[in-house]
Amino acid sequence: MTPGDNGASTPEEDDPFGYLYADGQARGAQPPSGGYGYPNAVSRVRAVGERQYPQQQTYGQQVPPQQAAYGQQTVQTPQAAPGAVPTGSRVQQNAGRRGPNTKGLLIGAIAVVAVVVIGISVAMFNGDSGDDAGGAASPSPTQSKSTAPHPKTTASAPPGELPKADAADSSVQLAGGAAPASDVKGAEAAGGTYVGGLNQAGASATWSVSVPEEGAYTFFMRYSVTGEDQSMTITVNGKEYGSKADLQNYRHAAANDFENGWATTFVYPDLKKGANTISVSCQAGDKCNVLLDQLWVKKGHVTR
């Protein structure tokens, strides 16, 4: 064996590509005839034009569906001829791409519901206004008046009005045996209460009254007398009035028939602005068999 020579026992034919080299060809290496020298290999050497292709599927024919990989969608498209550029749709589409934006749809649905609710509320609120504008007046609640008695304020009166008081009211000070009573009918004071006990010397009823301005006023008294006419002393702000109060039996009531003896009389005092006192009293020489019901004043000299 010489250097560079492996001897005849070297299996050049074992190298499937030995025929490509000059030394392999010198040793008689031949191209393989059975598929590159591999056992059971199939020769792929064919003449140009001899390769047979599978029968092409005609467009429109049913093609059995193939099992698509999980998450992929297979789309059947006409098979193009070998070497042709596909012109159909994409063979496979990624079915795993994101679907509809369900979160966005949910938010949109909630917004629509909210708008509807707000619209209904506004319509209901404006419905009443529409009825009023159309001429249909909506009923308004009315305040009920309490039937309980209210305390009277006699020192002053509401604007535009002058004071009026029951003779038995707290604004009237009783003295000398004068006292409230209610056994005789016909009194117009609250509860039918009047002042009796004036038929004795020193008995009096003094009213504290406030007027808005100084000037001439008319002082009225509602009273009851029976039998003969009576007269009593009037004192204004501590000064005796120039004449007696004329308490006549205008109803011609029989003696002690006080229920049918109710009448009204008046005098013309001058009052100062603000607080004043007017007193009806039984003084020496007076006739005082009188029941006193109500007291009030009016501006100027009037008769009723």
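**Close-up views of a predicted model**

View 1. The cut-off for buried is under 20%. In this predicted model, the side chain of Asp286 meets that of Lys244 in a salt bridge, with 2.8 Å from N to O. The two residues sit in distant parts of the chain, 42 residues apart. Lys244 is in the loop between strands S10 (239-240) and S11 (245-247), and Asp286 is in the loop between S14 and S15. Lys244 is partly exposed, because its relative accessible area is 38%. Side chains of opposite charge can pair when their charged atoms come close.

**View 2. Arg222 pairs with Glu188**. The closest N and O atoms of this salt bridge are 3.6 Å apart. The pair spans 34 residues of sequence, from Glu188 in the loop between S5 (179-181) and S6 (194-196) to Arg222 in strand S8. Is Arg222 buried or exposed? Arg222 is buried, at 12% relative accessible area. Glu188 counts as exposed, at 51%.

**View 3. Glu213 pairs with Lys299**. Here the closest N and O atoms lie 3.9 Å apart. Glu213 is partly exposed, at 43%. Lys299 is also partly exposed, at 39%.

**View 4. Strand S7 pairs with S4** **and with S14**. S7 covers residues 204-211 and runs antiparallel to S4 (residues 172-175), with 4 bridges between them.

**View 5. Thr218 is a buried residue of strand S8**. S8 covers residues 215-224. Why does Thr218 count as buried? Its relative accessibility is 0%. A polar atom of the Thr218 side chain lies 2.9 Å from the backbone nitrogen of Val302. Beyond its neighbours within four places in sequence, Thr218 is in contact with residues including Phe266, Tyr268, Trp296 and His301.

**View 6. The whole protein puts the close-ups in context.** The protein has 2 helices and 15 strands. Buried residues make up 25% of its 304 residues. Of the contacts between residues at least 6 apart in sequence, 69% join residues at least 24 apart. The whole structure holds 5 salt bridges.

Key. Residues are numbered from 1 along each chain as its sequence is written. This is a predicted model: local features need pLDDT of at least 70, side-chain atom pairs count only at pLDDT 80 or more; totals for chains, interfaces and linings use all residues. Side-chain values use heavy atoms; hydrogens and water are left out. Buried means under 20% relative accessible area, exposed over 50%, partly exposed in between (1.4 Å probe, protein chains only). A polar contact is a pair of N or O atoms within 3.5 Å; within protein, one must be able to donate a hydrogen and the other to accept it, and residues adjacent in sequence count only if both atoms are side-chain atoms. Contact means heavy atoms within 4.5 Å. Two strands pair if DSSP finds at least two bridges between them. A salt bridge is a side-chain nitrogen of Lys or Arg within 4 Å of a carboxyl oxygen of Asp or Glu.
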